[in-house]
Amino acid sequence: MIVNRAWITGAGKGIGRALAKTLAAESWTVAVSARTVSDLQQLQDECNPELIKIFPLDVTNQEETVNTIEQIELTIGMPNLVIFNAGAHAPISPGNFTSETVRQLIEVNLMGVVNGLAEIIPRFVKIGGGHIAVVASLSGYVGLPTASAYGASKAALINMCESLQPELKRYNVRLTLINPGFVETPLTDKNDFAMPFLISAEDAAKRIIEGLNKDKFEITFPKRLAIPMKLLRLLPYKFLFALTKRMIR
């Protein structure tokens, strides 16, 4: 009998929460992590409490990440699937560009994933298998106004996953890169601009689960936004900047 176990970071809200509920509905045992304990408790109350296991975590804290993974192993066993989803966003322009804000986003979006990978990769390599999924963003394809820090952190994740994929495959470890467009979450609720092709977190979770069940490296959605974004990064800078300057408010 195959026992399906998952660990999801950033599971308190948005995509992570929807993913946890979807997997639990499919009888997965899901370890859920986030900084806000009340969000995790509410998630557990809305699902089968035997399937949702709470492990509060600040992903920027490496020691805390190590302890959390050890506790997950002791409680439910080693997960088959790990989804690094925790993320943060803050719009940054020349008028409010500070090292503190950039560092904060890099710590959460990039180093938060690195802290987890540094512990999960050796474990999966040792047992000769496992599935890792990293949530980046379509904004990581190309530099966009007000996304100089957020986009940079997501671009780094994309590059890192591209580098790791062929090496991890040698050890039978699957790595999936998830690049969503605009998804209705507390992060996007802060945006004060039009978000084309906005979808719900539940819809995003459904698309992600479908993609994870296929043997493919990258999951992107919605296609109506993903394709133009992929094309943008192929443009010469002269034409790219002619387009992106129109996005400046």
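Buried means under 20% relative accessible area, exposed over 50%, and partly exposed in between (1.4 Å probe, protein chains only). The model is predicted, so local features need pLDDT of at least 70 and side-chain atom pairs pLDDT 80 or more, while totals for chains, interfaces and linings use all residues. Residues are numbered from 1 along each chain as its sequence is written, and side-chain values use heavy atoms, leaving out hydrogens and water.

**Exercise 1.** Find which residues of helix H2 are buried, and where they lie around the helix.

*Solution.*
- Step 1: H2 spans residues 37-46, and its buried residues are Asp 39, Leu 40 and Leu 43. Helices here are DSSP runs (H or I, at least four residues) and strands likewise (E, at least two), numbered from the N terminus.
- Step 2: Down the H2 axis, these residues fall within an arc of 95° (taken from the directions from the axis to the C-beta atoms), so they line one face.
- Step 3: Their cover includes helix H1 (14-25), strand E2 (29-33) and strand E3 (52-54), with contact meaning heavy atoms within 4.5 Å.

**Exercise 2.** Work out which residue pairs with Asp 39 in a salt bridge, and what the pair ties together.

*Solution.*
- Step 1: A salt bridge needs a side-chain nitrogen of Lys or Arg within 4 Å of a carboxyl oxygen of Asp or Glu.
- Step 2: Asp 39 pairs with Lys 13, their closest N and O atoms being 2.3 Å apart. Lys 13 sits in the loop between strand E1 (5-9) and H1, so the pair links parts 26 residues apart in sequence.
- Step 3: Asp 39 is buried at 14% relative accessibility, whereas Lys 13 is partly exposed at 42%.
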